[in-house]
Amino acid sequence: MIKVLVCDDSAFMRKAISTMLGKDPEIEVVATARDGEEGLEMVRRHDPDVVTMDIEMPRMDGLTALRHIMMESPRPVLMVSSLTTEGAESTLKALELGAVDFIPKQLSKVSLDIIKIENDLINKVKTVAKRKMRHFAPRAAARPAVQTPRPAVTRPSGTQLRDVVAIGVSTGGPPAVQKILSALPADFPAGIVIAQHMPPAFTGPFAKRLDGVCKIRVKEAETGDRLQPGWAFVAPGGQHLVLDQKVSRIDLVITPEPRDALYKPSANVLVTSTANAVGRRALGVILTGMGSDGMEGVKVLKEKGGRALAQSDATCVVYGMPKAIVDAGLADEIVDIDDMAGAILGNLYK
C-alpha cells in the first residue's frame, strides 16, 4: 500500500482528495492535516510515502512545511496549486525547494471541478511513490528560491551542424530545464523551443523565472516570434508550439491543433514540427516525465537525420518519457541532467 498524507486547510479539499485517492486499492490515506505545522507532526508520526501539500495555510504555510520535510525526512511532495499567476509563482518556488510536481486546484463556489483531477492525482501519487528518494537530498531545502546559475559550458570547435533544439519535458521538469538553460552561454549558437506540460497560468511565470537566472533570453512563445540563437521559447500551456520554416527565418506559431492531443503543449507536436521544419539541423532532448510524449516526434526527427538525447534514469524524477525513446532505440545518448547542457552544445557540432 502507498501511504499518503493530505495537508490542506480546507476541510472540503481534505475530504475530496482523500476520497479520490481512496478509490484506488493500492493507496491508503493514513492521515490528514489542517496546516503545515500539523502536517509535519503527521509526517513524523505516520511516515507517509507521499504528501499532498496546499500552499496557503494558517500557522505554517506549505512552502515552510516543505522546507522542513526536505531537511528532516525527504519524500515525494505534490503541491496543490491554484491556477493563478500567484499560485504559479509559489508552485515554481516549491519545485525548486524539492516538491516533485503539482496538482491544480480547480474549484469554485458553483463548480466541483476538483473531480477532474482525480485520474491525474492517482497516477502522480502512484508514479512518484515508486521513485527512490535519491532526488530529494536534505540539502535541497537550503537552496535559495532563485539559484545561482551554473558556470556556462564552453562551445566546442568545429563546424556547426545543428541550430535548433527541441525539448520535451513533464513531471520534474522545471528544475531540470532551469539547470540546463542556466548553464548555457549567452552566445549559445542555436534557438531552443520547449514543451513543458503545464497549465496556461504557469508557463508565463515559468519563462519569466528562467529569463531572470539564465544568460540566454527566455520567453513564453507567441505567434510571430522568430527563432534565433541565444533564445529559448516556452510553449504556452493549453496550446501547441510549432515551427514555420521560411526562406531565411523560422517563425513560431501557437495553435490549438491538434485538439485531441493528450497533452497541450505536446512534445510530440513540437518535435515533429521541428523535424519537418529543419530536418537534420534539429536536436531533440527528452527529459523527465510520465508517459511517452515525445517518442513519436523523435521517431520523425531521427528519420530526418536529427539527433536525440534522453535524460538518464538516475537523474529523472519520473523515468517515463526518456525511457520511451531509449526503449525504442531512438536515443543517441543517455545523459545525466548535470551534464545535459554540455551534451546539448556538443551535439550541435556532430
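1. Confidence first. This is a predicted model, and the protein has a mean pLDDT of 90, with 91% of its residues at 70 or more. The stretch to read with care is 137–147: the pLDDT there is below 50, and beyond near neighbours in sequence the model gives this stretch 24 contacts.

2. Now the sheet. Seven strands form an open sheet with parallel pairing, in the order β8-β9-β7-β6-β12-β13-β14. At the edges are β8 (217–220) and β14 (333–335), each of which pairs on one side only. From one strand to the next, the twist averages 20 degrees.

3. Within that sheet, have a look at β6 and β12. Strand β6 (residues 164–169) runs parallel to strand β12 (residues 282–286), and five bridges join the two. Opposite Gly168 you will find Ile286 in β12.

4. Two helices that pack on the sheet deserve a glance. Helix α6 (residues 173–181) touches β6, β7 (191–196), β8, β9 (231–234) and β13 (307–311), and its direction makes about 170 degrees with that of β7. Helix α11 (residues 340–347) touches β6, β12, β13 and β14, with its direction at about 175 degrees to that of β13.

5. On to the cores. The largest nonpolar core counts 63 residues, and Val165, Leu181, Phe188 and Ile192 have the most contacts inside it. Setting aside residues up to four places away in sequence, Val165 touches partners including Phe188, Ile192, Leu283, Val285, Ile344 and Leu348. Another core of 30 residues lies apart from the largest one, and among its members are Ala195, Leu243, Val298 and Ile325.

6. Leaving aside neighbours within four places in sequence, Asp54 is in contact with Cys7, Asp8, Asp9, Gly62, Met79, Val80 and Lys105.

7. Finally, the aromatics: the structure holds two aromatic pairs. Phe102 and Phe202 are stacked, at 4.7 Å centre to centre with 15 degrees between the planes. This pair links distant parts of the chain, since Phe102 belongs to strand β5 (residues 101–105) and Phe202 to helix α7 (residues 200–213), 100 residues apart. Both Phe102 and Phe202 are buried.

8. In the pair formed by Trp231 and Phe233, the ring centres are 5.9 Å apart and the planes are at 15 degrees, so this pair is stacked. Trp231 counts as partly exposed because its relative accessibility is 22%, whereas Phe233 is buried, with a relative accessible area of 2%.

Methods
Residues numbered from 1 in each chain as written. Predicted model: local features only at pLDDT ≥ 70, side-chain atom pairs only at ≥ 80, totals over all residues. Heavy atoms only, no water. Core = buried A, V, L, I, M, F, W, Y, C linked by side-chain atoms within 4.5 Å. Buried < 20%, exposed > 50% of the residue type's maximum accessible area, 1.4 Å probe, protein only. Contact = heavy atoms within 4.5 Å. pLDDT = per-residue confidence, 0-100. Pairing = 2+ DSSP bridges. Helix = DSSP H or I, 4+ residues; strand = E, 2+ residues; numbered from the N terminus. Axes fitted to C-alpha atoms, helices over the stretch in contact; angles between N-to-C directions. Phe/Tyr/Trp six-rings, centres within 6.5 Å; stacked < 30°, edge-to-face > 60°.
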